[in-house]
Every structure is written in C-alpha cells, then in structure tokens.
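Please read them with the sequence and the coordinates open beside you.

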Amino acid sequence: MHITDHFGAENVEIRDMQNGWWHYTVRNTKAGEMYIIFTCYFNEAVLQMVDFVVSNKRMKSGSWDDWSEQKELENLAFYKHWLTSQIGNTRGFSWGSIDAFYDKRSGGASIVLRYKA
C-alpha cells in the first residue's frame, strides 16, 4: 500500500529535495473533530521531524492574499493551547521534543515534533 492509497492522491504531496531529504505532506487528515495537515521530514530514510497544524475545520491550501502576522500569532496561541490539552506542559522527552512555534522566515505557525539525533 502506498501513502496515496490511504489518504488519497489529492491530499498527499511527496517532495524529493535531491539532497537525501524527502518531505511527505498529508492534508486534512481527520482525528476526532480536528483536521490535521502534517509534513514528515526524512533524511536518508530516517524520520527526523514532523511539522503539523490543526484546525476544527477543513483547511484549504493557503494564499498570501489572506495572510497576516496577527492571524499566525493567533494560530500559535491556539496550537500551544491544543498541545497542552493533548499532552500537558511537558515539551522535552527522552526521544526528542514537541512544541508550537512561529517562524518569521516562513511566515507560519505550526507544531514541531523533533527526534533526537
């Protein structure tokens, strides 16, 4: 079974970065009442990081037309609250870490799960 067989080809994007890294993005996976878009980052076939966003409604592909830093900071607050409701306040673990961040460079907020090297 291929990832597109499970999630649907229209919801999956696979990118070979041509440097040993592969990015697998799956859009609008439903978990309970929430929709999740997640990207798994593999280096030499080893999962290094998972970056995801959650929403209580189906998410469309973004456009810079409706972007604002204020909106992303509101998303950040929502992600931090959601993450705390799911796992509590602990963010560091023996296997790695998870937290919500706003990245000014990319202009987006998300939850990032990183495995220790």
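1. Is E13 buried, partly exposed or exposed? In this predicted model, E13 counts as partly exposed, its relative accessibility being 31%. The partner of E13 in a salt bridge is R27, with 2.9 Å between the closest N and O atoms. Because R27 belongs to strand 2 (residues 21-31) and E13 to strand 1 (residues 12-16), the pair ties together parts that are 14 residues apart in sequence. R27 is likewise described as partly exposed, with a relative accessible area of 24%.

2. The search of the whole structure gives four salt bridges, and the others deserve a separate look. K71 and D66 meet through their side chains at 3.9 Å, N to O; since a salt bridge is defined here by a distance within 4 Å, I would read this pair with that cut-off in mind. K71 is partly exposed at a relative accessible area of 36%, and D66 is also partly exposed, at 48%.

3. R91 and D99 form a salt bridge with an N to O distance of 3.4 Å, and both of these residues are buried. Through salt bridges that share partners, K80, R91 and D99 are joined into one network.

4. Along the principal axes, the C-alpha atoms fill a box of roughly 35 × 35 × 30 Å. Of the contacts with a separation of 6 or more, 30% are between residues 24 or more positions apart.

5. In soluble globular proteins, nonpolar side chains tend to be buried together. Here the largest nonpolar core has 23 residues, and those with the most contacts inside it are F38, F52, V54, Y79, W82 and I111. Strand 3 (34-43), strand 4 (46-55), helix 2 (69-87), strand 6 (96-103) and strand 7 (108-115) each supply at least two residues of this core, and the largest share, six residues, comes from strand 3.

6. Which residues does V54 touch, leaving aside those up to four places away in sequence? They are M34, Y35, I36, M59, F78, Y79 and W82. Of these, Y79 and W82 are, like V54, among the residues with the most contacts inside the largest core.

7. Finally, I would draw attention to N28, which lies in strand 2 and is buried, with a relative accessible area of 11%. A polar atom of the N28 side chain lies 2.7 Å from the backbone oxygen of M59. Not counting residues up to four places away in sequence, N28 touches Y35, I36, I37, R58 and M59; of these, Y35, I36 and M59 are also touched by V54.

Conventions
Residues numbered from 1 in each chain as written. Predicted model: local features only at pLDDT ≥ 70, side-chain atom pairs only at ≥ 80, totals over all residues. Heavy atoms only, no water. Helix = DSSP H or I, 4+ residues; strand = E, 2+ residues; numbered from the N terminus. Buried < 20%, exposed > 50% of the residue type's maximum accessible area, 1.4 Å probe, protein only. Core = buried A, V, L, I, M, F, W, Y, C linked by side-chain atoms within 4.5 Å. Contact = heavy atoms within 4.5 Å. Polar contact = N/O pair within 3.5 Å; in protein donor to acceptor, adjacent residues only side chain to side chain.
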